[in-house]
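Hi,

Here is the structure I promised to pass on.

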Amino acid sequence: MQVPKNFLWGGAIAAHQAEGAYNVDGKGLSVADVMTAAGNFDERRITDGVKTGEFYPNHEGVDFYHQYPGDVKLFAEMGFKCFRTSIAWSRIFPQGDEDEPNEAGLKFYDRLFDECHKYNIEPVVTLSHFEMPYHLVTEYGGFRSRKVLDAFVKFAKVVIDRYQHKVKYWLTFNEINNQTNYDRAFTLFTNSGVQVHEGENAEAVMYQAAHYEVVASAQVVAFAHQLNPDLLVGAMVAFSPVYPATDKPDDVLKAQRAMQARFWFSDVQVEGRYPSWLRKYQAAKKFDLDITDEDLASLKKGRVDYLGFSYYMSFATAAKPDEDDYYSYNEAKDLVTNKFVPQSDWGWQVDPKGLRYALNWMNDRYHLPLFIVENGIGAIDQMEANHQVHDNYRIKYLRDHIKQMELAINDDGVDVMGYTPWSAIDIVSASTGQLSKRYGFIYVDRNDDGSGSLKRYRKDSFYWYQKVISTHGEDLGDDSDDTTR
Ligand code: BG6
């Protein structure tokens, strides 16, 4: 089984998790710079600005800001055709609402993209990946405010204009649908820079912020198309399919509503209009939302060219005995464990077949090229005395998912543009701030407390992925030497 010859094999990271250099060359604070580190099953704390005595792992990241030439060289050695990263908004507009961009920040990405092209690696760039300028939070409440919609569009126009001849593939908001889990402070903060106050309806706040984001996304798509028809702009959702826990019709309806609630974002970004159930639902719940006719017209004019998505796991849900007629979905409360799939050390439900399901579901619904821009497993790696890392569990995870992707391409006819596993190199975990939750093909000597030499080492998965790419996905290795965790 192979993939098309022009398939975009690569790897992914995000600026705030890798770059570090949080206050270098004029960069302002971002939302990621005020989040502490946590452990396997607890949440990162969001502090009120940067506090003395707290540890903020994103401040140093893995020093990609300075070490990118060596890292890109290693990506090239693996055979990457593309490399997905994001532009830290706060490098370009340190506060977010300045008139003029920061030239030193712009120059950094010129250097990075040039370095990629040196090896014929195509950059795939996310405009907003959990790194909004923190000033936009304190001054405007993040995407609660239309001013932040405008600030984002301004930032996006500056960078798309600047890099249009270096970057062809763009994505607007990373995992825009994470905030479906509106009761979790982390997701609203990282997606939208929003903090919910006592007594507020978090779901309504989420729908308002997300509305401004889909409008911003549409305006950016329209701008890019007008500027340069060669550019392709995608949406990006976290695709965790929500299965019904049983064949009970109530569970099926609950799961259907869960899918609608998680994927209305991409419905809007792909189709240019709200799905009918959602406006009915918002009206019934009496959410007082600022959605104007101009906004709805903008949505129509800025439909994305492809759909990017992350795939890590699947979810399952069951109806409650007292469900309302809307089967209202609250992700923090409504998920159940799926006993048919194993879990990672961090409790993520590992389900390779869910990737084939995801690809078919999106293909049927959206009829657009699909791009798997994240897929991987966070695991604790052991560095052996001779600097080897035998990460067979990672190879197994990726192999099992690639097989399902290849079935979707070859047997189901799904149009998949590329595959960029998370992560190209070890970086700071977004949800926990740990370095020990490792995803990379390249081991970085850094510990959870920030100690370590920051040296890079190739893991076993590095050589395995190199072979996968060089054989167009034909040689995935042998299952027999895998160890399961
Ligand atoms: C996705 C994000 O949610 O999953 C990444 O887009 C993140 O930023 C990745 O790192 C893995 O999640 P985590 O929390 O284990 O780092």
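Predicted model: local features only at pLDDT ≥ 70, side-chain atom pairs only at ≥ 80, totals over all residues.

**What turned up**

**Around the ligand**

The shell around the ligand consists of 14 residues, and the closest are Gln17, Glu175, Ser431, Lys437 and Tyr439.

Histidine 129 has a side-chain N or O atom 2.8 Å from an oxygen atom of the ligand. For glutamate 374, too, the distance from a side-chain N or O atom to a ligand oxygen is 2.8 Å. With alanine 430 it is a backbone N or O atom that lies 2.8 Å from an oxygen atom of the ligand. And how much of the ligand does the protein bury? On its own the ligand exposes 380 Å², and 94% of that is buried by the protein.

**Aromatic pairs**

Searching the whole structure gives 40 aromatic pairs. One of them joins tyrosine 169 and tyrosine 306 edge-to-face, at 6.5 Å centre to centre and with 80 degrees between the planes. This pair links distant parts of the chain: tyrosine 169 belongs to strand S4 (residues 169-173) and tyrosine 306 to strand S7 (residues 306-310), 137 residues apart.

Most residues other than glycine have a negative phi, and most peptide bonds are trans. Two spots here go the other way. Phenylalanine 130 is not a glycine, yet its phi is positive, at about 60 degrees; you'll find phenylalanine 130 in the loop between strand S3 (122-128) and helix H5 (134-140). The other spot is the peptide bond from tryptophan 422 to serine 423, which is cis with omega near 5 degrees. Serine 423 sits in the loop that runs between strand S11 (416-419) and strand S12 (442-444).

Happy browsing!

Definitions and conventions: Residues numbered from 1 in each chain as written. Heavy atoms only, no water. Near = heavy atom within 4 Å. Polar contact = N/O pair within 3.5 Å; in protein donor to acceptor, adjacent residues only side chain to side chain. Areas by Shrake-Rupley, 256 points an atom, 1.4 Å probe, with all protein chains shown as cover. Phe/Tyr/Trp six-rings, centres within 6.5 Å; stacked < 30°, edge-to-face > 60°. Helix = DSSP H or I, 4+ residues; strand = E, 2+ residues; numbered from the N terminus.
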